[in-house]
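Please look over the sequence and the structure below. The report that follows starts with a single residue and then widens to the whole chain.

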Amino acid sequence: MRLLLQQRPQGNEAPRFVQLQLQSDLFGQWELVRETGQQGARSTLRREQFINHASALEALEKARDQHLSKGFQLMFAQGVDAPR
């Protein structure tokens, strides 16, 4: 599952983005990968481990909601259970 959120640019700045991705690892656990940055510049990548899919999905939805409240817009959602 993957979500891409983008914030409208202010002035001449490039838009900021957040990409949230859920993926399973080799041991059956789940990982939430967060990539944040400004388009055309360096980005930051963070990974969080979760024991099960439900807790990872809850963390993804919480991160999505936090960014939506900061003015980001959902631009792309991929995955069977993609939250709206």
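Leaving aside residues up to four places away in sequence, Gln19 touches Arg2, Leu3, Leu4, Val33, Arg34 and Glu35. This description refers to a predicted model. Gln19 is found in strand E2, which covers residues 16-24. One of its neighbours, Arg2, is also joined to Gln19 by a polar contact between the two side chains, with a length of 2.5 Å. Another, Leu4, has Gln19 as its bridge partner in E2.

Is Gln19 buried or exposed? Gln19 has a relative accessible area of 15%. Buried means under 20%, so Gln19 counts as buried.

His67 has its place in helix H1, made up of residues 53-69. The relative accessibility of His67 is 14%, and therefore His67 is buried as well. With residues up to four places away in sequence not counted, His67 touches Leu5, Val18 and Phe72.

The strands around these residues pair as follows. Strand E1, residues 2-7, pairs with E2 in the antiparallel sense. E1 is also joined to strand E5, residues 72-78, and these two run antiparallel too. Phe72, a residue that His67 touches, is the bridge partner of Gln7 in E5. The table sets out the two pairings.

| Strand pair | Sense | Bridges |
|---|---|---|
| E1 (residues 2-7) and E2 | antiparallel | six bridges |
| E1 and E5 (residues 72-78) | antiparallel | six bridges |

Now for the whole chain. How many helices and strands does the protein chain have? There is one helix, and there are five strands. Read from the N terminus, the order of the elements is β-β-β-β-α-β. The C-alpha trace spans about 45 × 25 × 20 Å along its principal axes.

The protein chain has 84 residues, and 29% of them are buried; Gln19 and His67 are among the buried residues. The chain exposes about 5,800 Å², with carbon and sulfur atoms supplying 47% of that area. Of the contacts between residues at least 6 apart in sequence, 41% join residues at least 24 apart.

Charged side chains complete the account. The protein chain carries 11 positive and 9 negative side chains. The centres of these two sets lie 7 Å apart.

Methods
Residues are numbered from 1 along each chain as its sequence is written. This is a predicted model: local features need pLDDT of at least 70, side-chain atom pairs count only at pLDDT 80 or more; totals for chains, interfaces and linings use all residues. Side-chain values use heavy atoms; hydrogens and water are left out. Helices (H or I, at least four residues) and strands (E, at least two) are DSSP runs, numbered from the N terminus. Buried means under 20% relative accessible area, exposed over 50%, partly exposed in between (1.4 Å probe, protein chains only). Contact means heavy atoms within 4.5 Å. Accessible areas come from the Shrake-Rupley method with a 1.4 Å probe; for residues, only the protein chains shown count as cover. Lys and Arg count as positive and Asp and Glu as negative; His and the chain ends are not counted. The place of a charge is taken as NZ of Lys, CZ of Arg, CG of Asp or CD of Glu. A polar contact is a pair of N or O atoms within 3.5 Å; within protein, one must be able to donate a hydrogen and the other to accept it, and residues adjacent in sequence count only if both atoms are side-chain atoms. Two strands pair if DSSP finds at least two bridges between them.
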